[in-house]
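Thanks, everyone; I would like to take a few minutes to walk through the model on the screen, going from the strands to a helix, then to the cores and the contact between the chains.

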Amino acid sequence: MKTSWQWLKSLFSKPQTYLRYRGYPLFAELGSYDLYLLDDRMHERKFKIGETIFESGFPVEVVYFIRSGEVLQSGAYSSNQERTISHPHQLGLLDMFHGEYRSSTAIAKTEVLIDAISRSDLLDYMKARPHCGVKILEAVCKEFSNMIFEKAKDN
Amino acid sequence: MKWAKILFFILMAFIVVAAFIFYSKVFVYLIGAVIFSYILDPAVTWLEHRRIPRWLSVLFVYLTVAGLIAWFTSRMIPDIVAQANNLIAILSQEGGINKDILLQVPFLHGIHEYTLSLDARIPGLNISNEFTNILDNATGFLAKLPKVLLDNYSTIIGAVSFLGMIPLISFFLLKDKHKLRKAALKLSSNRYFELAIIILGKIDSTVGTYLRAMIFEVVAVSIMASIALSIVGVSNPILIGVTAGLTNIIPYFGPFVAGGLAVLTVLFEGGPLTAIVYAGIAMWAVQVVDNNIVYPLVVGTTINMHPLLVLLTVLAGGWYGGILWMLISVPLAFLTYSLVSVLYTNLKEYKII
């Protein structure tokens, strides 16, 4: 009886793998139900070594969160210099708030596992759950301020 | 390409074609269920955002819709059936409709008298004969109407059973919406992933917004037309109102169908010329409110299609699949055009074509 009930329950509930999104700074402050809803909008993608994730000049539609592996990014962001990024960083956040097209190119340096979310899905999610929207935007601000200070140190 | 790969793709193509043939009969159910899901999805999502599991949200929405349908059926359907019977009774009077019955209609009687007086004044004109010939042709068409309705009775019963299956399929589409979307996107390669997301998102927003707006408009126009026609004293206001709501889906030409039905009802009942004018004004007022308030509010922009293209699409729809296709051909053409234009723009931007 207990087993049948657990089997029936498993049909309507999903495993709590969505809690791993807390590992990304943008979603670190979200509650478990918020992450459960976010998981519906996330897509897992795998890239082989040398495979292009996106190219400069292409439309911006997806923000990529690196779960594992390393990505080589080159383009406007790093003043035409290459930089390697890995977990828990994301790709495409600057472009998402900047314009319609990608300002950089990203290529998988190793085998890469990525969680991807479309820009429209992320914005819809933030609109539908304003308290999550505030937390995400707060994290974005932190990210951007860190970026600015790092740049200032480099100069 | 290796032989094994070629063989695999041939096998996959064979399976897809076989599946297409096997499931072809249920495609129409699937399309109906997809439409139903699109209409209910915002309510389900709204409940889900309030911490109610998605499957339970679907059940809540189903129960609410079932309650509304039960209420509508108990309150409105008897009236609509009575009004439809009344209209059919008029159209199938003893011996069928003939020109003598039509000539008893005061408005037509007046025209006939006028043509007779013209014939008396102008020798050789013979316009009254032409008028009675026109009436003869018109009665031939009207007399066939009840038979057409009866001949299609089995189709109507089929449609009812079709409607019963849709919520069942729709339940799974609503419950597993995100899983299905993820599965569809998983099929795309990394190169086309962003493009697939854009296309799927556009389909989702265009089809969803349009279908929900259309349903809202059908209900709004049905209610407004029923109230307006009741106020001016036209018989069968609910039946004509619901017809007005349904035919309103066809831009430019749809509103004239219900307007014509209202005028015909007044004519057959022997109402005065002023009643026809009032019926016309009532239907016009409904269109003014719909075009200037309801449609811009719920859809945002109108269907930007040339009237000639709308006319040709409606005619082609009617030729292809009768009244149902006349109703859905314009929205279908609009949605196809929107999606093709999105696809073309993005294929260009991603330098695929």
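Predicted model: local features only at pLDDT ≥ 70, side-chain atom pairs only at ≥ 80, totals over all residues.

In chain A, four strands make an open sheet in the order E1-E8-E3-E6, with antiparallel pairing, where two strands count as paired if DSSP finds at least two bridges between them, and where helices (H or I, at least four residues) and strands (E, at least two) are DSSP runs numbered from the N terminus. Residues are numbered from 1 along each chain as its sequence is written, and chains are lettered from A and ligands numbered from 1 in the order in which they are written.

The edges of that sheet are strand E1 (42-47) and strand E6 (90-91) of chain A, each of which pairs on one side only. E1(A) is joined to strand E8 (residues 112-118) of chain A by six bridges in the antiparallel sense, and there Glu44(A) has Asp115(A) as its bridge partner.

Turning to strand E4 (residues 70-75) of chain A, we find five antiparallel bridges to strand E5 (residues 82-86) of chain A, with Gln73(A) partnered by Arg83(A). E4(A) also runs antiparallel to strand E7 (residues 104-108) of chain A, again over five bridges, and Leu72(A) stands opposite Ile107(A).

What, then, of helix H5(A), is it well covered or hardly covered? It is hardly covered, since two of its 25 residues are buried, buried meaning that 20 or more other C-beta atoms, placed from the backbone, lie within 10 Å of the residue's own.

As for the cores, a nonpolar core is a set of buried Ala, Val, Leu, Ile, Met, Phe, Trp, Tyr and Cys residues joined through C-beta atoms within 7 Å. The largest has 29 residues, of which Leu38(A), Ile53(A), Tyr64(A), Val71(A) and Ile114(A) touch the most other members. Among the elements that each supply at least two residues to this core are E1, E7, E8 and H5 of chain A, together with H10 of chain B.

Finally, the contact between the chains takes 15 residues from chain A and 15 residues from chain B, two residues being in contact if their C-beta atoms, placed from the backbone, lie within 7 Å. On the side of chain B that touches chain A, H10(B) gives the most, with five residues.

Conventions. Buried ≥ 20, exposed ≤ 12 C-beta atoms within 10 Å, placed from the backbone.
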